[in-house]
Amino acid sequence: MYAVLCWEILQQQFSACLPGVRPVTIGRRDTCDIVINSPMVAAEQAQLFCRNDRYYIRQLSRNVPLWLQNEYELPYRGTVALRDGAQLTIGTVRTIGSVRTLGTVRLEYRSMQIKAVPRKIRCSHCENLLDVTHENCIWCGTSLAFGELLPLHAST
Ligand SMILES: [Zn+2]
């Protein structure tokens with residue numbers, strides 16, 4: 001499971017990889033795992049965690065709202081599963097007339113499901129295909145360090 005969180009502050013792009021195994025906190029305070037340096041973000045805003053190959057976000061702030069797709073506001077300690085491309089908005093969303101103003105920071109969650117298909121490597125000597133877990137070719141004993149690594153979904 002590979003996932004990235006991207007955000008933008010004053011036209012500057014930021015991104016952070018999510019480690020998968022352990023939960024991470026996001027927020028303004030520099031003790032957070034992912035620091036989002038904006039006054040609109042709570043000191044400790046949210047927690048992201050992975051369960052059964054899906055990422056979830058949990059709202060940790062009582063004061064600074066966290067929105068999913070600009071529509072659903074997570075309650076305090078509320079948790080929601082994230083889909084690839086999910087838009088998160090931190091901060092205050094106000095509706096003035098028909099215009100929604102966002103005093104906010106927007107984040108995007110991107111996940112890449114890596115299927116459990118093992119990558120293959122082609123032996124540079126006998127050209128047999130082997131799992132990348134091998135160090136030496138099981139057919140001819142040649143080191144696979146110089147073998148050709150094949151793309152993830154190569155069929156032969
Ligand atoms: Zn070989």
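Modeller: I begin with pairing: two strands pair if DSSP finds at least two bridges between them. The strands themselves are DSSP runs of E with at least two residues, helices are runs of H or I with at least four, and both are numbered from the N terminus. In these terms, arginine 122 stands opposite leucine 129 in β13.

Biologist: What kind of model is this, and how are the residues numbered?

Modeller: This is a predicted model, in which local features need pLDDT of at least 70 and side-chain atom pairs count only at pLDDT 80 or more, while totals for chains, interfaces and linings use all residues. Residues are numbered from 1 along each chain as its sequence is written.

Biologist: How confident is the predictor in the protein chain, and where is confidence lowest and highest?

Modeller: The pLDDT, which is the predictor's confidence in each residue on a scale from 0 to 100, averages 85 over the protein chain, and 86% of the residues score at least 70. Confidence is lowest in strand β11 (residues 99-112), with a mean of 79, and highest in strand β3 (residues 24-27), at 96.

Biologist: How many helices and strands does the protein chain have?

Modeller: The protein chain has zero helices and 14 strands.

Biologist: What makes β12 and β13 a pair?

Modeller: Strand β12 (residues 120-122) and β13 are joined by three bridges in the antiparallel sense. The definition asks for at least two bridges, so the two strands count as paired.

Biologist: In which order do the strands of that open sheet lie, and which are its edge strands?

Modeller: The order is β13-β12-β14, with antiparallel pairing. The edge strands are β13 (129-131) and β14 (148-149), because each pairs on one side only.

Biologist: How do you know that β1 and β2 pair?

Modeller: Seven bridges join β1 to strand β2 (residues 12-18), and at least two are required, so they pair; the two run antiparallel. Leucine 5 stands opposite alanine 16 in β2. The hairpin of β1 and β2 has two residues between the strands.

Biologist: Why is leucine 10 called exposed?

Modeller: A residue is buried if 20 or more other C-beta atoms lie within 10 Å of its own, exposed if 12 or fewer, and partly exposed in between, with C-beta atoms placed from the backbone. Leucine 10 has 5 other C-beta atoms within 10 Å, and therefore it is exposed. Leucine 10 lies in the loop between β1 and β2, and its phi is near 50 degrees, a positive value in a residue other than glycine.

Biologist: Is aspartate 53 buried or exposed, and what decides the label?

Modeller: Aspartate 53 has 10 C-beta neighbours inside 10 Å, so it counts as exposed. Aspartate 53 is in the loop between β5 and β6, and has a positive phi of about 70 degrees although it is not a glycine. In the turn of this hairpin, which has two residues between its strands, asparagine 52 also has a positive phi, of about 50 degrees.

Biologist: What makes β6 a partner of both β5 and β9?

Modeller: Six bridges join β5 to β6, which run antiparallel, and cysteine 50 stands opposite tyrosine 55 in β6. Three bridges join β6 to strand β9 (residues 79-81), again antiparallel, with isoleucine 57 opposite valine 80 in β9.

Biologist: Which residues form the covered and uncovered faces of β6?

Modeller: The covered face consists of Tyr55, Ile57 and Gln59, and the uncovered one of Arg54, Tyr56 and Arg58. In a regular strand the side chains alternate between the two faces of the sheet.

Biologist: Why is serine 111 called partly exposed?

Modeller: Serine 111 has 19 C-beta neighbours inside 10 Å, so it counts as partly exposed. Serine 111 is in strand β11. Residues are in contact if their C-beta atoms, placed from the backbone, lie within 7 Å; not counting residues up to four places away in sequence, serine 111 touches Ala3, Tyr55 and Asp84.

Biologist: What is the largest nonpolar core?

Modeller: A nonpolar core is a set of buried Ala, Val, Leu, Ile, Met, Phe, Trp, Tyr and Cys residues joined through C-beta atoms within 7 Å. The largest has 24 residues, and those with the most contacts inside it are Leu88, Ile90, Leu107 and Tyr109. β1 (2-9), β5 (46-51), β6 (54-59), β7 (66-68), β10 (86-96) and β11 each supply at least two residues of this core. Leucine 107 touches Leu5, Cys6, Trp7, Leu88 and Ile90, not counting residues up to four places away in sequence.

Conventions: Two residues are in contact if their C-beta atoms, placed from the backbone, lie within 7 Å.
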